[in-house]
Amino acid sequence: MSFQGVTGLIKLDAEGDRKEFALDILELGEEGLYKVATWNTSDGIKFIGTGEDYNLQNLSFTVITALTEPYGMLTDSQESLAGNARYEGFAIDLIHELSLIEKFNYTFIIREDKSNGSKNKTTQTWDGMIGDLINKKADLAITDLTITSEREEAVDFTTPFMNLGISILYQKPQKAPPNFFSFAEPFAIEVWLWLGGAYFIVSISLFVMGRLCPSEWTNPYPCVEEPDFLINQFSLRNSFWFTIGSLMQQGTEIAPIAYATRMTAGIWWFFTLIMVSSYTANLAAFLATENADVPFDNVYQLLEKSTKSNIKFGAKNKGATMNFFRDSTNGDFVRIYNYMVENEKDVMVKDNKEGVLRAEREPYAFFMESVSIEYEVQRHCNLKQVGDLLDEKGYGIAMRKNSSYRHKLSTAVLKLQENGKIADLKRKWWEERKGGGQCSGEPESQEAKPLTLKNVGGVFWVTVGGIALATGLVFIEMCLHIVKESIKYKAPFCNELTEELKFYLKFKGLVKPVRLKKSNSKSPPESNKSEKSEQEMQDQPDSYGFLPHLNKSPLE
């Protein structure tokens with residue numbers, strides 16, 4: 001039955017009740033009554049005006065949340081509390097701050113199963129808090145509710161009040177057992193190889209320079225003014241012994257004489273001073289800090305080593321974190337999702353609290369939002385965040401689709417971010433209340449790292465430069481000696497140079513015969529005898545020391 005009335009078309013059902021009618025909602029202002037919204041049986045309430053000029057003053061909202069730390073919790077009190085006073089937490093305080101700005105009223109209700117909301121692919125319906133908003137059981141929803149594209153299609157969100165990403169919560173690594181060759185850890189392998197190379201090159205350089213430098217050929221008998229032969233202390237064995245003695249800070253009985261060998265020895269001593277000091281300092285750091293045995297550093301290593309190390313991993317069942325892996329196109333993330341689905345009963349948890357407890361008690365890597373990880377590591381000192389963020393997203397306040405008060409609430413959230421109020425609330429509930437801050441005084445000890453060529457490469461180049469300079473001094477000293485000898489014996493410089501180089505490059509023996517001046521009084525037999533004696537000394541094997549063996553012959 002229907003008929004036209006004063007207010008419009010009136011329809012009655014079979015029982016005489018009015019149906020399909022609309023109402024105007026009025027509000028009393030300073031200038032009288034004015035229309036703020038309309039209501040009808042099919043669409044419900046619809047506010048008039050844009051989001052910018054819509055006024056939330058004196059409106060009442062039903063806000064749904066969950067008892068998830070630190071967003072919503074029961075207030076610790078010995079007295080019996082009622083209404084909103086029963087709850088406390090970050091989300092509770094945030095709604096209160098928004099109400100102070102926009103002058104609205106609110107009443108909290110609790111979602112007992114702590115379900116944020118997931119979409120049923122078969123029925124295309126939503127459960128959890130998202131479903132409560134759609135079914136008009138609540139006007140606003142606030143908790144650790146992640147803004148996703150799927151949820152954005154069903155409800156509206158304010159500007160994110162907190163930015164975050166997915167990361168891994170896992171136990172802090174245990175201390176690794178000492179290595180059998182831990183004494184070698186202060187230097188990287190490349191430094192040890194370069195050190196061995198420097199030792200070999202400097203030793204060979206001393207050996208070659210000792211033969212080329214005339215000053216290193218000395219008189220074995222200082223009391224004899226004109227000896228028949230000269231000796232050299234820098235044999236191959238002595239050269240290696242000199243450098244290793246300097247490297248070990250013990251010294252040797254060998255003392256360089258020539259400018260070139262002294263410069264090489266000085267550069268080598270400087271090299272050993274820097275290297276030994278660096279080794280000692282870094283060894284103390286290795287002994288003071290025990291390196292941790294890190295099972296994995298990121299999500300890719302977790303996926304690779306999980307089977308071998310018997311590490312399980314999971315997330316909150318039917319949460320945004322699980323949906324992230326479900327919708328990802330990354331091959332490794334798809335493998336993670338398939339693993340969680342196949343082992344759902346074993347690795348998935350109903351809420352974050354259960355996941356944190358598992359991560360603390362067993363080898364279990366729990367995927368959760370980074371801000372929640374920050375909260376947990378403040379209270380569980382044996383847990384830490386592993387790896388970087390896998391994505392970037394935010395938490396927002398959800399409301400029904402096309403809500404007129406979305407803009408006002410988003411603007412209010414921005415105001416709280418700009419004046420630092422949200423940062424203060426986070427500091428309050430993350431670091432100060434409910435056991436927060438008890439782990440902040442335990443900074444993780446940094447692992448001692450071996451020194452690489454980037455740390456000590458400069459001293460190698462100084463050594464190379466010193467040896468190059470010493471090599472130049474060798475040839476200068478040798479040339480000056482040959483010039484002196486050519487003048488003394490009135491022989492051509494080139495001939496003297498050739499003879500000297502022939503002897504030096506033989507690298508055989510440490511005895512150098514002394515050429516005597518020609519004398520007319522010397523008889524041929526004596527001359528032949530001198531040459532024979534000289535040849536015998538050349539053919540004699542080297543002795544252990546610096547002096548050659550002398551043939552004992554009867555005096556003539």
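The questions and answers below walk through a predicted model of a protein.

Visitor: How many helices and strands are in the protein?
Guide: The model is predicted, and buried residues make up 40% of the 556 residues in the protein. Among contacts with a separation of 6 or more, 69% are accounted for by residues 24 or more positions apart. As for the elements themselves, the protein has 17 helices and 24 strands.

Visitor: What span is expected for helix α1 at 1.5 Å a residue?
Guide: Helix α1 covers residues 90-102, which gives 13 residues. From its first C-alpha to its last it reaches 18 Å, and this is close to the expected span of 18 Å.

Visitor: How many of the 13 residues of α1 are buried?
Guide: Buried here means under 20% relative accessible area. The residues of α1 that fall in this class include Phe90, Ile92, Leu94, Ile95 and Leu98, and Asp93, Glu97 and Glu102 are also among them. The helix is therefore described as mostly covered, since a residue counts as buried under that cut-off, and the number of buried residues in α1 is 10.

Visitor: Which elements do the buried residues of α1 pack against?
Guide: Some of the partners are strands, namely β7 (60-65), β9 (87-88), β10 (105-110) and β13 (162-164). After the end of α1 comes Lys103, whose phi is positive, near 65°.

Visitor: Is Tyr87 buried or exposed?
Guide: Tyr87 is found in strand β9, and leaving out residues up to four places away in sequence, it touches Leu67, Met73, Leu74, Thr75, Ile92, Phe108 and Ile110. Because its relative accessibility is 12%, Tyr87 counts as buried.

Visitor: What is the omega of the peptide bond from Glu69 to Pro70?
Guide: Most residues other than glycine have a negative phi, and most peptide bonds are trans. Pro70 is found in the loop between β7 and β8 (73-74). The bond from Glu69 to Pro70 is cis, with omega near -5°.

Visitor: Where is Gln124, and what is its phi?
Guide: The place of Gln124 is in the loop between β10 and α2 (128-134). With 46% relative accessibility, Gln124 counts as partly exposed. Gln124 is a residue other than glycine with a positive phi, and the value is near 60°.

Visitor: Is Asn402 buried or exposed?
Guide: Asn402 lies in the loop between β23 (398-400) and α13, and its phi is near 60°, a positive value in a residue other than glycine. Because its relative accessible area is 67%, Asn402 is exposed.

Visitor: Are α4 and α15 roughly parallel or roughly antiparallel to each other?
Guide: Two packed helices are described by the angle between their axes and the distance between the axes. Helix α4 (residues 189-212) and helix α15 (residues 453-488) pack at an angle of about 10°, with their axes 11 Å apart. Because angles under 35 degrees count as roughly parallel, α4 and α15 are roughly parallel.

Visitor: How many nonpolar residues does the contact of α4 with α15 have?
Guide: In this contact, residues of α4 including Trp194, Leu195 and Met209 meet residues of α15 including Phe460, Ile467 and Met478. Three polar residues and one charged residue also take part, while the number of nonpolar residues is 14.

Technical notes: Residues numbered from 1 in each chain as written. Predicted model: local features only at pLDDT ≥ 70, side-chain atom pairs only at ≥ 80, totals over all residues. Heavy atoms only, no water. Helix = DSSP H or I, 4+ residues; strand = E, 2+ residues; numbered from the N terminus. Expected span 1.5 Å × (residues − 1). Buried < 20%, exposed > 50% of the residue type's maximum accessible area, 1.4 Å probe, protein only. Contact = heavy atoms within 4.5 Å. Axes fitted to C-alpha atoms, helices over the stretch in contact; angles between N-to-C directions. Parallel < 35°, antiparallel > 145°, perpendicular 65-115°, else oblique. Nonpolar A, V, L, I, M, F, W, Y, C, P; charged D, E, K, R; others polar.
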